[in-house]
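I opened the notebook to log a few look-ups. The entries follow in the order I made them.

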Amino acid sequence: MKLEGTQLVDTNGEDVVLRGLSFGWHSFWPRFYNEKAVKWLKKDFKCNVVRAAMGIEVGDKPYLKESEFSKAKVKAVVEGAIQADIYVIIDWHSHNINLEEAKEFFAEMSKTYGRYPNVIYEIFNEPDYESWEEIKAYSEEVIKVIRENDSDNIILVGCPKWDQDIHLPAANPIKGFDNLMYTMHFYAGTQGKWLRDRTDDAINSGLPVFVSESAGMEATGDGPLDYESWQQYIDWMESRKLSWITWSVSDKDETCSILKKSAKSEGNWKKKNLKESGVKIRSLLRHYNVDR
């Protein structure tokens, strides 16, 4: 894939829209990080992309404490996606800047997987209170490391306030690199039309946008599904050919975790193993990804 203007396209210049699921933090739900689960998400949910959310600071075995365990989990998902012939996002899942650790990690990932067109790098999941100037400086350093090994795969760049202040990179984008996109995240029960309008303005200014995390409930990840608002977001993304990822493949007792505790680690989930959000996102993905 590459960018033409703000649109993802394939090698033939045809528009590409990626739709799929993010695994939950590997440091909380490592049991789902395996090749069979990826294969099931392609086969049954019709995902054409998955996202490996590697937890950096929190959980039982975060990257800063258990780097080899963390990389092994991410690699299982990446290699599962390569085998399944779908795309995969390697996500540095943090709310804080850890520059040297990120550079080391993405140097290894880009050296190992840069030759595969399946791979997308998400270099800062959700900055919270960092300024765009701080995020931009961090991102430029990490992008340089990746581009030493991988000249063209897509790189996703975060923005302030949990990927909602997309207007800030629109006003001051990173220069000197190709195939960069900027992430916007929404939770339809909390964020409404204002975030779509802000994102439209960013796109119209020339900023390529990728919705790398989203869901239909409140931003806490809990509370009831807001079906009306969620569908408004989906209609909006589809009308603009924006790629979108839903959160998450996990079994926590919360609305956004799509699986019940009864779900097997390696897929083959039945309807009885899915929560309400899991049933809905499966239906959405099977609708939008089939024959498109």
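Predicted model: local features only at pLDDT ≥ 70, side-chain atom pairs only at ≥ 80, totals over all residues.

**Entry 1: Leu3**

I started with Leu3, which sits in strand β1 (residues 2–4). Helices (H or I, at least four residues) and strands (E, at least two) are DSSP runs, numbered from the N terminus. Residues are numbered from 1 along each chain as its sequence is written, and side-chain values use heavy atoms, with hydrogens and water left out.

Is Leu3 buried or exposed? Leu3 counts as buried, at 16% relative accessibility. The cut-offs are under 20% relative accessible area for buried, over 50% for exposed and partly exposed in between (1.4 Å probe, protein chains only). I then listed its contacts (heavy atoms within 4.5 Å). Leaving aside neighbours within four places in sequence, Leu3 is in contact with Leu8, Ile154, Asn179, Leu180, Met181 and Pro208. I also looked up Leu3 against Tyr288: 285 residues apart along the chain, their C-alpha atoms are separated by 22 Å.

Asn179, one of the Leu3 contacts, has a positive phi of about 60° although it is not a glycine. I placed Asn179 in the loop between α6 (167–171) and β8. Its relative accessible area is 12%, so Asn179 is buried.

Lys241 also has a positive phi, of about 55°, and is not a glycine. Lys241 is in the loop between α8 (227–239) and β10. Lys241 is partly exposed, with a relative accessible area of 40%.

Which peptide bond is cis? I found the one from Trp247 to Ser248, with omega near 0°. Ser248 is in strand β10.

**Entry 2: pocket and cavity**

I noted the grid rule before reading off spaces. On a 1 Å grid over the protein atoms alone, a cavity is a set of points where a 1.4 Å probe fits but cannot get out; a pocket is an open set with protein on both sides within 12 Å along at least five of seven lines; lining residues have an atom within 4 Å of a point. Grid points are joined across faces, edges and corners, and a volume is the space filled by probe spheres set on the points.

The largest pocket has a volume of about 390 Å³. I count 22 residues in its lining, with Glu126, Tyr187, Glu213, Ala219 and Trp247 nearest the centre. β8 (180–187) and β10 (244–249) are the elements giving two or more residues to this lining. The largest share, 3 residues, comes from β8.

How many cavities of 30 Å³ or more are there? The count is 1. The largest cavity holds about 40 Å³ of space. Its lining is Thr6, Gln7, Leu8, Val16, Met181, Val209, Phe210, Lys241, Leu242 and Ser243. Here β2 (7–9) and β9 (209–215) give two or more residues.

**Entry 3: rings**

I counted 18 aromatic pairs. Rings of Phe, Tyr and Trp (its six-membered ring) pair if their centres lie within 6.5 Å; planes under 30 degrees apart count as stacked, over 60 as edge-to-face and the rest as tilted. Phe23 and Tyr33 have ring centres 5.1 Å apart and planes at 45°, so this pair is tilted. Phe23 is in strand β3 (residues 19–23) and Tyr33 in the loop between β3 and α1 (35–43), so the pair ties together parts 10 residues apart in sequence. Phe23 is buried at 0% relative accessibility, and Tyr33 is buried at 2%.

Phe28 and Trp29 are also tilted, with centres 5.4 Å apart and planes at 45°. Phe28 is partly exposed at 39%, whereas Trp29 is buried at 13%. Tyr63, Trp92, Phe105, Phe106 and Tyr121 form one aromatic cluster.

I checked charges over rings (NZ of Lys or CZ of Arg within 6 Å of the ring centre and within 35 degrees of the ring normal). Lys61 lies over the face of Phe69, at 4.5 Å from the ring centre. Arg196 lies over the face of Tyr233, at 4.6 Å.

**Entry 4: Met109**

Met109 is buried, with a relative accessible area of 0%. Beyond four places in sequence, Met109 is in contact with Lys71, Val74, Lys75, Ile90, Gly114 and Tyr121.
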